[in-house]
Amino acid sequence: MSTSPLAVITGSSSGIGLELAKLAANDGYSLILAADTPFDDAITQITSHNVQTLNADLSTSNGIAELVTLVGDRQVDVLCANAGHGLGKAFLDEDFQAIRGVIGTNITGTLELLHAVAGRMQARGTGRILLTGSMAGFMPGAYQAVYNASKAFINNFSYALRNELKDSGVTVTCLMPSVTDTEFWERGGTLDTKAGSGEKGSPDKPALAGWEAMKAGKDEVSPGLGHTIEKAALKVMPAEIAAEMNAKDLKPRPAR
């Protein structure tokens, strides 16, 4: 059995999650990686020789149970709860099962995994947790209402959990990236929007910022000075104006 510290990372078959897996491997962690899409060539990008992968629907209790079973009685030193889905279009135009899937992955599944793993960290008196929230959580998400609301939940929840664990030896950090070039846009059906078709940042930068902030035990990180300023502005902006801004970026363009 490996004596390396163990990192569990969800949503790690691509995007920010895959970049977090690379960073963990470079720091000498054994890895348990979980996602609802195949890992395919992603696994070849990770240098660790001790990697286990799981394809499971992390929006369901069965999927989370599969992951917890794979962890078994091993000590989890780092948990990166990164799995998340987007969902575009107007709320009333969305399929409700897709809405359930977003809430299940972004909120319910994340909390169920945290409840299982963080409880063991607390009992042991040590551990690092990184939650992937979003700058979108500070905006009423017109034409992406469910996603933005789910990330507002995670942003808020991270601070509550951090406070509850402040004397336990377990730290909670929230990564709040802005527009990032991942499969999020295609899977959420938002490629036909201004934001979806526009310029996006590379996922390696927010992943590195989140990983370093987590190791330092910080409360949150919004990578880059521009994002820090953007977050401050969104916190004081009237909700109606923020919703209109989101609508301009995320409203589907008419078919030609």
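1. The largest cavity is lined by Thr10, Leu58, Ile64, Ala81, Ala83, Thr105, Gly109, Thr110 and Leu113. Its volume is about 40 Å³. The model under discussion is a predicted one, and a search of the whole structure returns two cavities of 30 Å³ or more.

2. The composition of this lining deserves attention. Five of the residues around the largest cavity are nonpolar and four are polar, while none is charged. Helix α3, which covers residues 96-124, contributes the most to this lining, with four residues.

3. The second largest cavity holds about 30 Å³ of space. Its lining consists of Ala81, Asn82, Ala83, Asn106, Thr110, Leu131, Thr132, Lys151 and Ile154. By class, these are four nonpolar, four polar and one charged residues. At least two residues of the lining come from each of α3, β5 (127-132) and α4 (145-164).

4. Helix α3 may next be considered along its length. It has 29 residues and spans 40 Å from its first C-alpha to its last, close to the 42 Å expected at 1.5 Å a residue. Where is the kink in α3 centred? It is centred on glycine 104 and amounts to about 45°.

5. Both ends of α3 can be described. At its start, a side-chain oxygen of aspartate 95 comes to within 3.1 Å of the backbone nitrogen of glutamine 97. Just after the helix, glycine 125 adopts a positive phi of about 90°.

6. Strands of a sheet pair through backbone hydrogen bonds, in either a parallel or an antiparallel sense. Here, seven strands make up an open sheet with parallel pairing, in the order β3-β2-β1-β4-β5-β6-β7. The edge strands, β3 (51-55) and β7 (220-221), each pair on one side only.

7. Strand β1 (residues 6-10) runs parallel to strand β2 (residues 30-35), and five bridges join the two. Alanine 7 has leucine 31 of β2 as its bridge partner.

Conventions: Residues numbered from 1 in each chain as written. Predicted model: local features only at pLDDT ≥ 70, side-chain atom pairs only at ≥ 80, totals over all residues. Heavy atoms only, no water. 1 Å grid on protein atoms, 1.4 Å probe; cavity = no way out; pocket = protein on both sides within 12 Å on 5 of 7 lines; lining within 4 Å. Points joined across faces, edges and corners; volume = space filled by probe spheres on them. Nonpolar A, V, L, I, M, F, W, Y, C, P; charged D, E, K, R; others polar. Expected span 1.5 Å × (residues − 1). Bend = angle between axes of the 7 residues up to and from the residue. Polar contact = N/O pair within 3.5 Å; in protein donor to acceptor, adjacent residues only side chain to side chain. Pairing = 2+ DSSP bridges.
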